[in-house]
Amino acid sequence: MIVGADGTVLGEGWHRGAGTPHAEPAALDDARARGLDVTGATAYVTLEPCAHTGRTGPCTDALTRAGIGAVRYAVEDPNPVASGGGEVLRSRGIDARHAPLRAAWEVNRRWIGAVAHGRPWVIAKWAQTLDGRTAAADGTSFWVTGEEARAHAHTVRAEVDAILVGTGTVKADDPALSARPAHVESPHQPLRAVLGMSDTFGAKVWRDENAIAIRSHDPHEALAALEAREVRTVVVEGGGTVTTAFLRAGLVDEVHAYIAPAILGSGTNAVGDLGIGTMGGALRGQDVTATALGVDTLVTAFFQRGPQ
Ligand SMILES: NC(=O)c1ccc[n+]([C@@H]2O[C@H](COP(=O)([O-])OP(=O)(O)OC[C@H]3O[C@@H](n4cnc5c(N)ncnc54)[C@H](OP(=O)(O)O)[C@@H]3O)[C@@H](O)[C@H]2O)c1
């Protein structure tokens with residue numbers, strides 16, 4: 001957000017996903033589109049402006065060119081390649097300061113965690129019955145949860161860089177794996193990734209180029225393939241075999257479990273054997289939220305912490 005000396009908001013912007021302009025140039029564009037002069041104004045940003053050319057140019061240069069007078073950033077950039085933006089701005093006479101804010105750390109948590117671990121941030125997502133089933137004995141899983149829960153999952157898809165499923169899910173459900181959040185005209189579409197050896201040619205996931213087959217059973221290899229495509233956040237949407245493999249490998253950072261008030265008694269479990277034999281060994285999440293979505297409940301929890 002760019003704010004003038006009298007407190008007027010001159011421009012607002014946010015990062016819409018990998019390869020798109022960062023928040024700073026987006027906010028500068030917004031001010032330009034409104035015909036407003038940002039000379040001497042203050043830019044308030046969640047993350048320290050980047051000082052390197054990735055897929056977009058350095059934000060430090062965009063801010064300098066625009067004549068911004070001051071910058072307040074809530075989180076220092078942990079990425080060794082792009083960090084140091086604050087120092088660059090100060091060396092150019094801009095009053096750039098780190099102004100820590102917990103809420104901003106939370107907004108950037110997935111990205112910070114991805115950079116800190118050198119791999120994409122993994123959200124394991126599933127929809128389950130009260131007794132932990134994600135599909136019935138005959139393989140059907142349409143639909144475990146109701147419309148509100150499914151709509152919510154679409155908003156999450158639109159926020160991430162990639163969705164990954166196993167070949168088993170592609171064969172059973174033939175999912176489109178598109179992001180269709182309500183009231184958004186052309187949402188960001190995540191990369192679709194299919195993990196496994198079998199050929200799923202002809203399935204809906206292969207309808208355009210925005211999809212990759214990862215012919216492996218190794219979650220580490222899957223994440224390396226996604227990292228190579230600059231994926232920072234991936235939702236692993238099952239099925240149980242693939243989710244279990246990621247959990248076993250200690251590669252799940254966040255879980256989104258959509259829980260329906262339904263009971264099946266048989267069918268597929270959300271998660272298979274993790275080799276945990278005693279209650280003390282249970283994986284326990286932190287920063288848990290529970291959100292009512294119609295008759296269903298979304299429980300989210302973090303399983304690894306990025307640096308503060
Ligand atoms: N409710 C939900 O949230 C939800 C979500 C997704 C799926 N489902 C349901 O779950 C069922 C499918 O589950 P699933 O477990 O069979 O499918 P899956 O996890 O999508 O795929 C399993 C397949 O992926 C490959 N694979 C990839 N990594 C593997 C690894 N580390 N170990 C072993 N195999 C690996 C194997 O096939 P290859 O031979 O090709 O290598 C394996 O057969 C369907 O009934 C579907 O409807 C429910």
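Predicted model: local features only at pLDDT ≥ 70, side-chain atom pairs only at ≥ 80, totals over all residues.

Biologist: OK, then where is glycine 239?
Modeller: Glycine 239 is in the loop between strand 11 (233-236) and helix 9. The peptide bond leading from glycine 238 to glycine 239 is cis, with omega near -5°.

Biologist: And which residues does the cis peptide bond with omega of about -20° join?
Modeller: That one joins phenylalanine 142 and tryptophan 143. You'll find tryptophan 143 in the loop between strand 7 and helix 6 (147-157).

Biologist: Switching to the ligand: where does the ligand sit?
Modeller: In the second largest pocket. There are 25 residues around the ligand, and Thr169, Met197, Ser198, His217 and Thr241 come nearest.

Biologist: Which helices and strands each supply at least two residues of that shell?
Modeller: Strand 6 (121-128), strand 7 (133-135), helix 7 (167-173) and helix 9 (240-248) do. Helix 7 gives the largest share, with five residues.

Biologist: What's the shell like by class?
Modeller: You get 14 polar residues, nine nonpolar ones and two charged ones.

Biologist: How much of the ligand does the protein cover?
Modeller: On its own, the ligand has 940 Å² of accessible area, and the protein covers 79% of that.

Biologist: New topic, then. How many aromatic pairs are there?
Modeller: The count comes to two aromatic pairs. Take tryptophan 121 and phenylalanine 302: their ring centres are 6.1 Å apart and their planes sit at 55°.

Biologist: Why is that pair called tilted?
Modeller: Planes under 30 degrees apart count as stacked and over 60 as edge-to-face, with the rest tilted. The planes here are at 55°, so the pair is tilted. Tryptophan 121 lies in strand 6 and phenylalanine 302 in strand 15 (residues 296-302), so the pair ties together parts that are 181 residues apart in sequence.

Biologist: Last one: what's with the phi of leucine 177?
Modeller: Leucine 177 isn't a glycine, yet has a positive phi of about 55°. Leucine 177 is in the loop between helix 7 and strand 9 (191-195).

How values were computed: Residues numbered from 1 in each chain as written. Heavy atoms only, no water. Near = heavy atom within 4 Å. Areas by Shrake-Rupley, 256 points an atom, 1.4 Å probe, with all protein chains shown as cover. 1 Å grid on protein atoms, 1.4 Å probe; cavity = no way out; pocket = protein on both sides within 12 Å on 5 of 7 lines; lining within 4 Å. Sits in = over half its atoms within 2 Å of the grid points. Helix = DSSP H or I, 4+ residues; strand = E, 2+ residues; numbered from the N terminus. Nonpolar A, V, L, I, M, F, W, Y, C, P; charged D, E, K, R; others polar. Phe/Tyr/Trp six-rings, centres within 6.5 Å; stacked < 30°, edge-to-face > 60°.
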